[in-house]
Amino acid sequence: MQMKNVGFLGFQIVVSVVMVLTGTINTLSTKAADLLVVPGNNPHAAHHFNHPYVQAVGMFIGEFSCMFVFGIWALSYYTVKRTIKPLIPKKFNPLIFLPPACCDILATSTMYLGLNLTSASSFQMLRGAVIIFSGLLSVGFLGSHISVTQWLGMITVFFGLMVVGVGDLVDNGVGTASASQVITGDLLILVAQIIVSIQVVVEEYFIKGYQVDPLLAVGFEGMFGLGITLFLLIPMYFIPWHIPGTDFWQEIPRYEDALDALAQIGNSWLLVVFVMGNVISIAFFNFTGLTVTKYLNATTRMVLDSVRTLFIWIFSLAIMWQSFFFTQLIGFVLLILGTFIYYDILLPPAIRWVYRKVTGRSPRTRVLTGTFPEDTDEEERNPLIKGREDIN
């Protein structure tokens, strides 16, 4: 029994490490691709890989691969149980994943647009805004209750976002981007978090009660997202507009030049590595993230994602993708602090400890401490984090 527990602990450690590692690689490989200067399908000089929608296709391929993982798992289950009925929800209609997939397309492409203009660390930090927007939307559309400590966590995250934004202003630009373009990138990422929050609420509204396996859910969303994005690349090629400041290399402005993206990928083995790194890492990140949620809990997943943000920031500083500014350090600390408060990791346990020391008994007031009865499960504690993070 003890050996079994040691083995399971080792499994948890490996899965957690792989989640942090692949999540870090996903953001860094996407940003590295953005910074590469490669000849493309145009008569002008080599240029940056400014193709956020093509990068979104890679992400959806990674998500879609989760369906194959589910298929392998279902096959192994069938060889033992001789049935897969427990894995497939009753009255299951795959089209319920179409609305959240549409939100995923818009959110992912908008975030990648922003990542073209801002740093990888700011990109990751600003994604913490999803806590604020999903919390507010859950109150308005799902009738959820937000405790005092959760409000405090949201306010702390808000101030952290403000400090990160100020830090980007002080930084005076990232790479070839000007300060105004960096702020535009930050705003695009924040707008994307509103869309992600809508996606989370839509998933909660449409999928709740179906008990769909998370791997299957991610696979269906990846399938719909991949199909729709590939189709949209056709009209995007003929739209004569591009992000201001990034269309210098285009003879004819195009909203998304997929042919140029393919030409650039074909002209650089390093770009192939970064694009494949994006696809493979998002697949492993989704799989390990869902595994952490299943065998540990969603709160642990949030903590690990905070570690991922720290690694991205340290790596960006180490290879001089950005300069160190104390304001960004303060913003990072506030974001992590707000996240920990929101997910009942830091403040409520401290309050309960002080309360027990002073009164000699445990607190019972959820409004004050954010605590819940002992039999309350993880989904009821945090109804908007079931099974997935924003999955990128």
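Modeller: We start inside this predicted model. The second largest cavity is lined by Ser29, Thr30, Ala33, Gln55, Gly58, Phe274, Val275 and Asn278.

Colleague: Which elements give two or more residues to that lining?

Modeller: Helix 1 (2-35), helix 2 (52-81) and helix 10 (269-295) do.

Colleague: What volume does the second largest cavity have, and how many cavities of 30 Å³ or more does the structure hold?

Modeller: Its volume is about 40 Å³. The structure holds three cavities of 30 Å³ or more.

Colleague: Next, the charged side chains. What is the general idea of a pair?

Modeller: Side chains of opposite charge can pair when their charged atoms come close. Here the count comes to one salt bridge. Arginine 254 and aspartate 257 form it through their side chains, at 4.0 Å from N to O.

Colleague: Are arginine 254 and aspartate 257 buried or exposed?

Modeller: Arginine 254 has a relative accessible area of 14%, so it is buried, since buried means under 20%. Aspartate 257 is buried as well, at 7%.

Colleague: Which charged residue could I look at for contrast?

Modeller: Take lysine 85, in the loop between helix 2 and helix 3 (98-115). Its relative accessible area is 70%, so lysine 85 is exposed; the cut-off for exposed is over 50%.

Colleague: How far is the C-alpha atom of lysine 85 from that of alanine 74?

Modeller: The separation is 9.7 Å, and the two residues are eleven apart along the chain.

Colleague: Now the cysteines. What is a disulfide?

Modeller: A disulfide is a covalent bond between the sulfur atoms of two cysteines. A search of the whole structure finds zero of them.

Colleague: How do cysteine 66 and cysteine 102 stand in terms of relative accessible area?

Modeller: Cysteine 66 is buried at 1%, whereas cysteine 102 is partly exposed at 38%.

Colleague: Last, the surface. Which residues make the nonpolar patch of about 390 Å²?

Modeller: Ile155, Phe158, Phe159 and Met162 make this patch. One of its residues, isoleucine 155, is found in helix 6 (residues 148-171).

Colleague: What is the relative accessibility of isoleucine 155?

Modeller: The value for isoleucine 155 is 45%, so this residue counts as partly exposed. That class runs between the cut-offs for buried and exposed.

Key
Residues are numbered from 1 along each chain as its sequence is written. This is a predicted model: local features need pLDDT of at least 70, side-chain atom pairs count only at pLDDT 80 or more; totals for chains, interfaces and linings use all residues. Side-chain values use heavy atoms; hydrogens and water are left out. A disulfide is a pair of cysteine sulfur atoms within 2.5 Å. Buried means under 20% relative accessible area, exposed over 50%, partly exposed in between (1.4 Å probe, protein chains only). Patches are made of residues with over 30% relative accessible area and no salt bridge: like charges are joined within 9 Å, nonpolar side chains (Val, Leu, Ile, Met, Phe, Trp, Tyr) within 5 Å. Accessible areas come from the Shrake-Rupley method with a 1.4 Å probe; for residues, only the protein chains shown count as cover. Helices (H or I, at least four residues) and strands (E, at least two) are DSSP runs, numbered from the N terminus. On a 1 Å grid over the protein atoms alone, a cavity is a set of points where a 1.4 Å probe fits but cannot get out, and a pocket is an open set with protein on both sides within 12 Å along at least five of seven lines; lining residues have an atom within 4 Å of a point. Grid points are joined across faces, edges and corners, and a volume is the space filled by probe spheres set on the points.
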